[in-house]
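Consider the structure below, beginning with a hairpin and moving on to the charged side chains.

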Amino acid sequence: MAKKWHENGVILYPKASDVFTDERLACYFRPLLSFACRQDGREYTFHLLGTDGLYCEREYRNAENNFFGFRYVAGKYEFLGDLAVFGEGNVEEVYALLQADFAQNKETYWKEKVTVAAYKERMIDELAEVADFDVDYYAEAFYSYEFTKYHYERTGEFRHITELTEGWGHDDSPVLIARETAQEMSEEFFMNLQWNVKFDYGIDKSMVCAATERFRFMSAIGGGTVFALWKPQEQTVYLLEYFS
């Protein structure tokens with residue numbers, strides 16, 4: 001089925017192979033959408049990502065306080081930070097377990113409209129045997145993302161998991177927040193830039209290209225807006241997950 005969002009140059013749930021130079025990053029950064037963006041007379045494809053379910057426990061350059069830097073390499077992202085920002089949990093192992101379960105049971109989850117709470121209850125014992133970090137929020141964000149992605153692939157409709165399984169949360173507004181609006185939404189972050197990031201990245205509001213609401217793809221409790229900033233001199237994309 002043709003996906004209606006493609007009409008506006010937006011691709012929802014892009015493949016990890018189209019987003020990252022190293023696909024293993026997909027268990028830390030979930031691909032939300034890709035969008036076309038013209039900068040300095042050239043056409044680029046940028047990606048907005050979400051880390052819902054993971055917390056920044058440390059600070060590194062290009063990986064701090066929900067602020068991440070990526071080298072732009074032929075339309076894909078190469079992570080410039082350190083994954084230790086999320087602590088030492090076995091995220092990749094947990095992700096593999098959740099992926100295997102969802103691949104096997106996604107049709108049942110979708111047809112029976114299994115809620116997040118019911119899914120976590122189903123997985124709680126198995127996760128307890130494997131995870132060495134607080135996995136509850138990660139599992140919730142994972143399932144919310146995968147469920148809405150699967151619904152989109154099956155129907156072409158972009159809907160939040162709460163609408164699909166519980167009947168609330170309908171939203172038909174544009175999924176991509178355009179540059180001018182996104183820049184206005186980021187003003188508070190830049191007004192307090194020296195307190196919001198530890199390192200100096202040489203960024204300002206004019207570098208904001210677009211944004212999206214993370215909630216629409218992931219956990220019902222995972223709010224915040226994901227912004228993309230473009231620094232052409234360094235061919236670097238910065239992603240900010242901001243909670244105003």
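In the hairpin of β8 and β9, four residues lie between the strands, and glutamine 235 takes a positive phi near 50 degrees. Helices (H or I, at least four residues) and strands (E, at least two) are DSSP runs, numbered from the N terminus. The model is predicted: local features need pLDDT of at least 70 and side-chain atom pairs count only at pLDDT 80 or more, while totals for chains, interfaces and linings use all residues. Residues are numbered from 1 along each chain as its sequence is written, and side-chain values use heavy atoms, with hydrogens and water left out.

Strand β8 (residues 225-231) pairs with β9 in the antiparallel sense over seven bridges; two strands pair if DSSP finds at least two bridges between them. Lysine 231 has threonine 236 in β9 as its bridge partner. Strand β5 (residues 67-73) also runs antiparallel to β9, joined to β9 by five bridges, and glycine 69 stands opposite tyrosine 238 in β9.

How many residues of strand β9 are buried? Seven of the seven residues of β9 (residues 236-242) are buried, so the strand is largely enclosed by the rest of the structure. Buried means under 20% relative accessible area, exposed over 50%, and partly exposed in between (1.4 Å probe, protein chains only). Thr236, Tyr238, Leu240 and Tyr242 point one way from β9, whereas Val237, Leu239 and Glu241 point the other way.

Side chains of opposite charge can pair when their charged atoms come close. A salt bridge here is a side-chain nitrogen of Lys or Arg within 4 Å of a carboxyl oxygen of Asp or Glu. The whole structure holds 17 salt bridges.

Glutamate 107 takes part in a salt bridge with lysine 111 (3.4 Å, N to O). Being four residues apart in helix α2, lysine 111 and glutamate 107 are separated by about one helical turn. Lysine 111 is exposed at 58% relative accessibility, and glutamate 107 is partly exposed at 27%. Arginine 154 also forms a salt bridge with glutamate 107, the closest N and O atoms being 2.6 Å apart. That pair links distant parts of the chain, 47 residues apart, with arginine 154 in helix α4 (residues 136-155) and glutamate 107 in helix α2.

Aspartate 101 and arginine 122 form another salt bridge, with the closest N and O atoms 3.5 Å apart. Aspartate 101 lies in helix α2 (residues 91-111) and arginine 122 in helix α3 (residues 116-130), so this pair ties together parts that are 21 residues apart in sequence. Aspartate 101 is buried at 9% relative accessibility, whereas arginine 122 is partly exposed at 47%.
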